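Look at the sequence and the structure first.

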Amino acid sequence: MIYLITGGERSGKSSYAENLAKELSAKPMYVATARKWDSDFQERIDRHQKDRDDRWINIEKEKHLSEINFSGKVAIVDCVTLWLTNFFVDTKNDVTLCLEQAKEEFDKIATQENATIIIVTNEIGMGVHAQTHIGRKFTELQGWMNQYLAKNADQVVLMVSGIPMKIKG
């Protein structure tokens with residue numbers, strides 16, 4: 001079962017995903033995709049980890065989600081935007097290659113047996129228009145990946161001002 005939780009910044013996506021995971025499992029997995037860019041980002045990661053109690057299994061995975069065994073588990077992948085950023089930087093902003101690699105990773109985890117994966121993503125294309133060429137390329141990448149994820153998800157929820165709006169499933 002694949003859930004895709006999408007919406008704008010601070011729309012309640014992660015809270016919704018965490019509550020859903022706790023409803024579905026007594027010991028859910030939290031897969032954080034953030035790369036530790038600097039000490040400020042490390043502090044942010046530390047703060048998020050402390051917010052989750054001991055029922056969570058915490059995994060840090062920047063790119064290769066297929067190395068994780070999701071079978072028989074309920075897991076959150078948070079978030080696609082940070083995950084794609086890692087591919088985008090590592091491919092030197094090659095949108096086509098990045099999209100290909102990310103889709104391949106998703107396809108590998110989506111086929112694991114008896115797994116419930118709750119994917120959190122951002123609708124960055126609904127916000128302010130990116131000022132730079134690189135920003136616009138990344139916005140396109142995010143939009144294309146979101147479309148791919150939504151097409152392959154069993155359920156899609158759009159979060160608006162903390163309110164979940166089921167749009168698929």
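The model is predicted.

**Helix packing**

Start with helix 4 (residues 95-110) and helix 5 (residues 133-152). Their axes come within 10 Å and cross at roughly 25°. Angles under 35 degrees count as roughly parallel. Helix 4 and helix 5 are therefore roughly parallel to each other. Their crossing is right-handed. On the helix 4 side, the contact is made by Val95, Cys98, Leu99, Ala102, Lys103, Phe106 and Asp107. Helix 5 contributes Lys137, Leu141, Trp144, Met145, Tyr148, Leu149 and Asn152. By class, this contact of helix 4 with helix 5 has ten nonpolar, one polar and three charged residues.

Helix 5 also packs against helix 3. Here the angle is about 125°, and the axes are 11 Å apart. That makes helix 3 oblique to helix 5. The crossing of helix 3 with helix 5 is right-handed. From helix 3, the residues Val80, Thr81, Trp83, Leu84, Thr85 and Phe88 take part. They meet Ile134, Lys137, Phe138, Leu141, Gln142, Met145, Asn146 and Leu149 of helix 5. The contact of helix 3 with helix 5 divides into nine nonpolar residues, four polar and one charged.

The two contacts in one view:

| Helix pair | Angle | Axis distance |
|---|---|---|
| Helix 4 and helix 5 | roughly 25° | within 10 Å |
| Helix 3 and helix 5 | about 125° | 11 Å |

Which residues of helix 3 are buried? They are Val80, Thr81, Trp83, Leu84, Asn86, Phe87 and Phe88. The cover over these buried residues includes helix 4, strand 5 (116-120) and helix 5.

**Aromatic pairs**

A pair of aromatic rings is described by the distance of the centres and the angle of the planes. With ring centres within 6.5 Å as the cut-off, the count comes to four aromatic pairs. One of them joins tyrosine 30 and tryptophan 56. The centres are 5.7 Å apart, with 75° between the planes, and the pair is edge-to-face. Tyrosine 30 sits in strand 2 (residues 29-32), while tryptophan 56 is in the loop between helix 2 (39-51) and strand 3 (57-60). The pair therefore ties together parts that are 26 residues apart in sequence. Tyrosine 30 and tryptophan 56 are both buried.

Another pair is formed by tryptophan 83 and phenylalanine 87. It is edge-to-face too, at 5.2 Å centre to centre and 85° between the planes. These residues are four apart in helix 3 (residues 80-90), so about one helical turn separates tryptophan 83 and phenylalanine 87. An α-helix has 3.6 residues a turn, so residues three or four places apart point the same way. Tryptophan 83 and phenylalanine 87 are both buried.

Is glutamate 105 buried or exposed? Glutamate 105 is buried, with a relative accessible area of 6%. Its place is in helix 4. Leaving aside neighbours within four places in sequence, glutamate 105 is in contact with Lys63, His64, Leu65, Ser66, Trp83 and Phe87. Alanine 130 is 25 residues from glutamate 105 along the chain, and their C-alpha atoms are separated by 27 Å.

Arginine 35 is in the loop between strand 2 and helix 2. Arginine 35 is buried as well, at 14% relative accessible area.

Most residues other than glycine have a negative phi, and most peptide bonds are trans. Several sites here depart from that pattern.

Aspartate 78 and cysteine 79 are joined by a cis peptide bond, with omega about 5°. Cysteine 79 is found in the loop between strand 4 (74-78) and helix 3.

Arginine 10 has a positive phi of about 60°. It lies in the loop between strand 1 (2-7) and helix 1 (13-24). At 73% relative accessibility, arginine 10 counts as exposed.

Helix 3 is followed by lysine 92, with a positive phi near 55°. Asparagine 93 also has a positive phi, of about 70°. Asparagine 93 belongs to the loop between helix 3 and helix 4. Its relative accessible area is 21%, and asparagine 93 is partly exposed.

Notes. Residues are numbered from 1 along each chain as its sequence is written. This is a predicted model: local features need pLDDT of at least 70, side-chain atom pairs count only at pLDDT 80 or more; totals for chains, interfaces and linings use all residues. Side-chain values use heavy atoms; hydrogens and water are left out. Axes are lines fitted to C-alpha atoms, for helices over the stretch in contact, and angles run from 0 to 180 degrees between N-to-C directions. Helices (H or I, at least four residues) and strands (E, at least two) are DSSP runs, numbered from the N terminus. Angles under 35 degrees count as roughly parallel, over 145 as roughly antiparallel, 65 to 115 as roughly perpendicular and the rest as oblique. A crossing is left-handed if the near helix is turned anticlockwise from the far one by less than a right angle, and right-handed if clockwise. Contact means heavy atoms within 4.5 Å. Ala, Val, Leu, Ile, Met, Phe, Trp, Tyr, Cys and Pro count as nonpolar, Asp, Glu, Lys and Arg as charged, and the others, Gly among them, as polar. Rings of Phe, Tyr and Trp (its six-membered ring) pair if their centres lie within 6.5 Å; planes under 30 degrees apart count as stacked, over 60 as edge-to-face and the rest as tilted. Buried means under 20% relative accessible area, exposed over 50%, partly exposed in between (1.4 Å probe, protein chains only).
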